[in-house]
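Here is a friendly walk through the fold, in questions and answers. Have a look at the model, then follow along.

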Amino acid sequence: MRINKFIALSGVCSRRKAEEFILDKMVKVNGQIVTNLAIDIKPSDVVLLNDQVIKPTSQNVYYMLNKPKGYITTMNDDRNRKTITDLLGDIDKRVFPIGRLDYDSEGLLFLTNDGELTYKLTHPRFEIPKKYIVKIEGEIKESELAVLRAGVVIDKVRYNKCKAKLINFENNISKIEIILSEGKNREIRKMFEAIGKEVIFLKRIEMAGIRLGGLKRGEIRPLKDYEIEHLKSLTK
């Protein structure tokens with residue numbers, strides 16, 4: 001088994017994060033630091049991360065969190081800001097987020113110790129759809145929405161096409177629905193900046209066909225069996 005997959009199956013992080021740990025010389029195999037991402041792990045090998053023995057877990061867990069604004073999507077922070085770890089309550093297994101929501105955004109976030117599923121749901125080739133509600137001050141023109149749909153260019157990088165529609169315009173606030181499958185850092189905010197608009201509210205309400213529903217801000221719940229099966233079916 002490839003080493004990044006082995007680490008992901010141990011439930012400590014995703015495959016991508018595992019590769020970072022390896023390159024940062026934080027992983028040992030049989031007492032020796034390894035930096036080769038192509039190394040295969042045999043059943044007899046002893047793997048350590050930060051000098052702690054890790055093994056693939058046989059029990060995966062899956063949760064949905066309604067992340068409030070003002071929390072960062074990480075398990076710890078060296079600047080002592082509030083993190084989603086503060087919202088996990090009595091969950092006794094180590095979990096990590098599938099994807100991210102920035103500090104000023106809120107809404108649906110999946111958490112799991114299933115590194116393989118995390119890798120697949122965040123890999124661009126699977127094009128997992130994510131739906132957001134966006135609010136901006138002022139009116140937005142259909143021509144501006146058309147620019148978003150076509151894919152804006154930011155710092156010479158073209159962003160993928162998306163779906164964008166105006167839900168309503170009330171009290172000088174435009175409420176817009178955005179559906180996209182990319183996951184670049186602060187992507188939606190940058191898209192609107194490219195057309196001269198500032199996002200004042202951003203909430204993810206759906207991912208991979210699973211809706212946030214009535215989960216209150218800061219609340220977390222286990223995913224239902226049919227939701228887990230649905231997520232796994234998307235990446236086969």
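Q: Which residue in the turn of the hairpin formed by β11 and β12 has a positive phi?
A: This is a predicted model, and in it β11 and β12 form a hairpin with 2 residues between them. In that turn, a positive phi of about 55 degrees belongs to asparagine 171.

Q: How many bridges join strand β11 to β12?
A: Strand β11 covers residues 163-170 and runs antiparallel to β12. Within this pair, phenylalanine 169 stands opposite serine 174 of β12. The number of bridges joining β11 to β12 is 7.

Q: Which residue in β12 does valine 134 stand opposite?
A: β12 (residues 173-180) also pairs with strand β8 (residues 130-137), in the antiparallel sense and over 8 bridges. Across this pairing, valine 134 faces its opposite number in β12, isoleucine 176.

Q: Which residues touch the most other members of the largest nonpolar core?
A: This core has 32 residues. Among the elements that give two or more residues to it are β8, β12, α4 (142-150) and α5 (187-194). The residues touching the most other members are Val134, Leu148, Ile178, Ile188 and Phe192.

Q: Which residues does leucine 148 touch, not counting residues up to four places away in sequence?
A: Leucine 148 is one of the residues that touch the most other members of the largest core. Leaving out residues up to four places away in sequence, leucine 148 touches Cys162, Ile178, Met191, Phe192 and Ile195.

Q: How many residues make up the second, separate core?
A: Its members include Ile98, Met207, Ala208 and Leu215. This second core is separate, and its residue count is 17.

Q: Why do the buried residues of α2 line one face of the helix?
A: In helix α2 (residues 15-23), the buried residues are Arg15, Ala18, Phe21 and Ile22. An α-helix has 3.6 residues a turn, so residues three or four places apart point the same way. The buried residues of α2 line one face because, seen down the axis, they fall within an arc of 110 degrees.

Q: Which elements do the buried residues of α2 pack against?
A: Look at the buried set Arg15, Ala18, Phe21 and Ile22 again. These buried residues of α2 pack against α1 (3-9), β1 (27-29), β3 and α3 (115-122).

Q: Which are the edge strands of the open sheet of 4 strands?
A: The strand order is β2-β1-β3-β4, with antiparallel pairing. For example, 3 bridges join β3 (residues 47-49) to β4, and leucine 49 has glutamine 52 as its bridge partner in β4. The strands that pair on one side only are the edge strands, β2 (32-33) and β4 (52-54).

Note on methods
Residues numbered from 1 in each chain as written. Predicted model: local features only at pLDDT ≥ 70, side-chain atom pairs only at ≥ 80, totals over all residues. Heavy atoms only, no water. Pairing = 2+ DSSP bridges. Buried < 20%, exposed > 50% of the residue type's maximum accessible area, 1.4 Å probe, protein only. Arc of directions from axis to C-beta. Contact = heavy atoms within 4.5 Å. Core = buried A, V, L, I, M, F, W, Y, C linked by side-chain atoms within 4.5 Å.
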